[in-house]
Each structure stands twice: as C-alpha cells, then as structure tokens.
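Here's a friendly walk through the fold you're about to see. Take a look first, then read on.

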Amino acid sequence: MTDYSEEQANELEALRSIFPDEFEELDSGPPAHFTIAVSPDPFAIESLADADGNLPEASLKLDITYTDTYPDSAPVISLEEIVGLDDDEAILLRGSLNATVEESMGMAMVFSMASAAKENFERILLEREETRKREEAERAAAEEEAERQRLSGSRVTKESFEAWKAGFLAEISQILKSKGEDALTPAMKTVASVAGMLESSKKKAGKLTGREQFMKNRGLATSDVGMMDEGDVAVDVELFEGMEDLDIDDEDEDQVVRNFGEDD
C-alpha cells in the first residue's frame, strides 16, 4: 500500500531546497497547500529588452494543493498573481501544465510543473514579440504597396479612357444645361470647345480658317497675277501642295490671310 503522506512530505522537503526563495507554504496539511513563484530566465528573454536594457515585467505564482492520493491523482492547480500575460496567454500556459501533469501521473511532479511553467512562460513572451514584429513588417509592407499604387496610379486602357470620357462629357453637358458656360472649369471649357459643345465654338465652326479658305479657292493666290508690275514675283500654287498636313494653329492661318490683305 502506497504511503501518500510520506511521498508528499519527501517532495515538500526537496522543493524547499530547490526553491529556497520561490517556495511559500500556506498550509502544512495534510493536504499541503503552497505556492512557487515562477518568472522567465532573463537570459532567455534578453531579446525583449527595451532601449534602456529593461526587460518586461513577467511573473506568476503556481498555486498547488495536494490531494489525498497525490501523486496517483492530480493536485489542485491554479495560476495566481499573473503579470505579463493576457487572459488567452494564461489559458495557454495552464494547458501546458495540464499536459505535464498527465505525463507525470504516479510520480512527484511539482518540480516538472514549475519547470514547464517557466519554459512556456518564456516561449509565450518570445512568440508574442515575434508576432508583433511580423505584423509590424506586414503593415509597413502594406502601407508601402499602397503608396506605390497611389503614385503609379491605375493603368489606363482604351476602354477605361472611353468610359471616363463619356462620363466627363456627360458632366459637362449637365453643367451647360443647368448653369451655363461660365460654370465650367478651364479644363472643362477646353474639352467642351474641342467637342463643339460651346456656343462660341459653334459660331467659330462656321468660319473658315486661313488654310481652309486657301484650299477652297486657290484663285486667291492667282487673282492678282494680272495686276502684277514688273519685278513682282509670281507664286507657284503647286508649291503649297501638302500644306494641309502641317501643324499650324488657326490663329497663325488667319494671320497669313491678313498678311495677304496688307500686302495689297
């Protein structure tokens, strides 16, 4: 027959020696009730130190009460005075202790539980920091990509341009109907003028440009030939073939026609 009281007494004696500062007996029992303070090893979490070399505050107490048949049955365990872990992380740590208990059933297990609590405490803190850094890097990458997209803009296709143009012209038409030409922006006026939507543009459309007058009636260039004096130079009309392809503004064309008039 197992003497549970003796096994428990022997383990308590060993725990007092192993954890001289961390062990605190709350009730000598039986059954005994005690706590063991647990905190991460500073060297294990030194990567978590801030710019001044300070480590994050992290500690807890492993609260244990033996049962009458411990270690053949699990002790009553709770985590108290937790610092540095949120609720979800505390639940995760408690789960790791339950696994240790199951693996150690029938043997003295408090030392194994305290060791598992310390190691998993460190692991949780380090994984949290890794997650924070990864999320920060992903957020920075997303912001960089968003900025790149903003600067590069959307690729313009024939279809997207036609859709934009139709919408822009419809907007201009609506403004002309409701508010008139003066309500248009300079850009809208330019587009509306090219599209022949402005009254001023329509009036101008009925007037031939200098080139159009010249090409429509080539007699303009030869009508005064009979009036030429000695020494005047005759103009060869054929020299002007192909002029319709030159990129000359209407104002420049009209000026040419005026110059012909002034020479008369």
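## Two strands side by side

Lys-61 sits opposite Glu-80 of strand S4. Two strands count as paired here if DSSP finds at least two bridges between them. Strands (E, at least two residues) and helices (H or I, at least four) are DSSP runs, numbered from the N terminus.

A quick word on where this comes from: it's a predicted model, where local features need pLDDT of at least 70 and side-chain atom pairs count only at pLDDT 80 or more, while totals for chains, interfaces and linings use all residues. Residues are numbered from 1 along each chain as its sequence is written, and side-chain values use heavy atoms, with hydrogens and water left out.

## The rest of the sheet

S2 and S3 also pair in the antiparallel sense, over six bridges, with Thr-35 opposite Asp-63 in S3. On its other side, Thr-35 of S2 has Glu-24 standing opposite, and S1 and S2 run antiparallel with four bridges joining them. The hairpin of S1 and S2 has five residues between the strands, and Gly-29 there takes a positive phi near 75°.

Put together, that's an open sheet of four strands in the order S1-S2-S3-S4, with antiparallel pairing. Strand S1 (23-27) and strand S4 (76-83) are at the edges with a single partner strand each, so one side of each has no neighbour in the sheet. On average, neighbouring strands are turned by 20° against each other, direction ignored. Helix H1 (residues 4-18) packs on this sheet, touching S1 and strand S2 (33-38), and its direction makes about 140° with that of S1. Such angles run from 0 to 180 degrees between N-to-C directions, using axes that are lines fitted to C-alpha atoms, for helices over the stretch in contact.

## Helix H2

Helix H2 (residues 87-104) lies across S3 and S4, running at about 150° to S4. Which residues of H2 are buried? Glu-89, Ala-90, Leu-93, Ser-96, Leu-97, Thr-100, Val-101 and Ser-104 are. They line one face of the helix, because seen down the axis of H2 they fall within an arc of 145°, an arc taken from the directions from the helix axis to the C-beta atoms. These buried residues pack against S3, S4 and helix H3 (110-152), while Asp-87, Asp-88, Ile-91 and Glu-102 are exposed on the other side. Buried means under 20% relative accessible area, exposed over 50%, and partly exposed in between (1.4 Å probe, protein chains only).

After H2 comes Gly-106, whose phi is positive, near 95°.

## A loop residue

Ser-73 is in the loop between S3 and S4. Leaving aside its neighbours within four places in sequence, Ser-73 is in contact (heavy atoms within 4.5 Å) with Thr-67 and Met-105.

## The whole protein

Overall, the secondary structure comes to nine helices and four strands. From the N terminus on, the elements run α-β-β-β-β-α-α-α-α-α-α-α-α. Of the 264 residues, 24% count as buried.
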